[in-house]
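Open your viewer and get ready to click along. We will go from stop to stop, selecting a few residues each time.

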Amino acid sequence: MGVALLPSRMFKIRRSSTGRWVLYFVSGRIDEEAVSELQSLLGRESAGSRLRLDLGEVQLVDAEAVEFFARCEDAGSGFRNCPAYVREWIASNRRQG
């Protein structure tokens with residue numbers, strides 16, 4: 001299990017894997033810097049890995065984070081414990097095009 005922590009930004013990621021599934025537990029405030037770190041970590045996963053993001057401990061997201069989560073979902077990554085406001089923001093952005 002790996003951990004990425006940016007203390008000044010109140011952001012944390014824990015990684016867990018079982019077989020082909022890789023689960024990232026994301027918590028705290030997800031902003032541009034956190035998105036950059038997430039992109040880097042997810043980009044290191046092998047092509048055959050099935051990714052899931054657990055957003056149950058996410059406290060606050062910005063517009064860039066919502067766009068990133070939508071791209072992850074479009075690429076086949078799933079979510080666990082996605083806060084309702086994040087899910088609605090993603091859906092709203094998709095409706096607006």
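Begin with helix α3, residues 84-96. Its 13 residues reach 18 Å from first C-alpha to last, close to the 18 Å expected at 1.5 Å a residue (the expected span is 1.5 Å times one less than the number of residues). Helices (H or I, at least four residues) and strands (E, at least two) are DSSP runs, numbered from the N terminus. Just after α3, select G97, which takes a positive phi of about 85°.

A word on what you are viewing: this is a predicted model, where local features need pLDDT of at least 70 and side-chain atom pairs count only at pLDDT 80 or more, while totals for chains, interfaces and linings use all residues. Residues are numbered from 1 along each chain as its sequence is written, and side-chain values use heavy atoms, leaving out hydrogens and water.

**The core**

Next, select Y24, V26, I30, L38, L53, V61 and F69. Of the 25 residues in the largest nonpolar core, these touch the most other members. Such a core is a set of buried Ala, Val, Leu, Ile, Met, Phe, Trp, Tyr and Cys residues joined through side-chain atoms within 4.5 Å. Buried means under 20% relative accessible area, exposed over 50%, and partly exposed in between (1.4 Å probe, protein chains only). Which helix gives the most to this core? It is α2, with 6 residues.

Now zoom in on L53. Leaving aside neighbours within four places in sequence, L53 is in contact (heavy atoms within 4.5 Å) with residues including L23, Y24, F69 and F79.

**Charged pairs**

Side chains of opposite charge can pair when their charged atoms come close. The structure holds 6 salt bridges, each a side-chain nitrogen of Lys or Arg within 4 Å of a carboxyl oxygen of Asp or Glu.

Select E45 and R15, whose closest N and O atoms are 2.8 Å apart in a salt bridge. Because E45 lies in the loop between α1 and β4 and R15 in strand β2, the pair ties together parts 30 residues apart in sequence. Is E45 buried or exposed? E45 is buried, at 15% relative accessible area, whereas R15 is partly exposed at 26%.

Then try D54 and R80, a salt bridge with closest N and O atoms 3.5 Å apart. D54 sits in strand β4 and R80 in strand β5 (residues 78-80), 26 residues apart. D54 is buried, with 6% relative accessibility, but R80 is partly exposed, with 36%.

Finish with R95 and E88, another salt bridge, at 2.7 Å between the closest N and O atoms. R95 counts as exposed at 59% relative accessibility.
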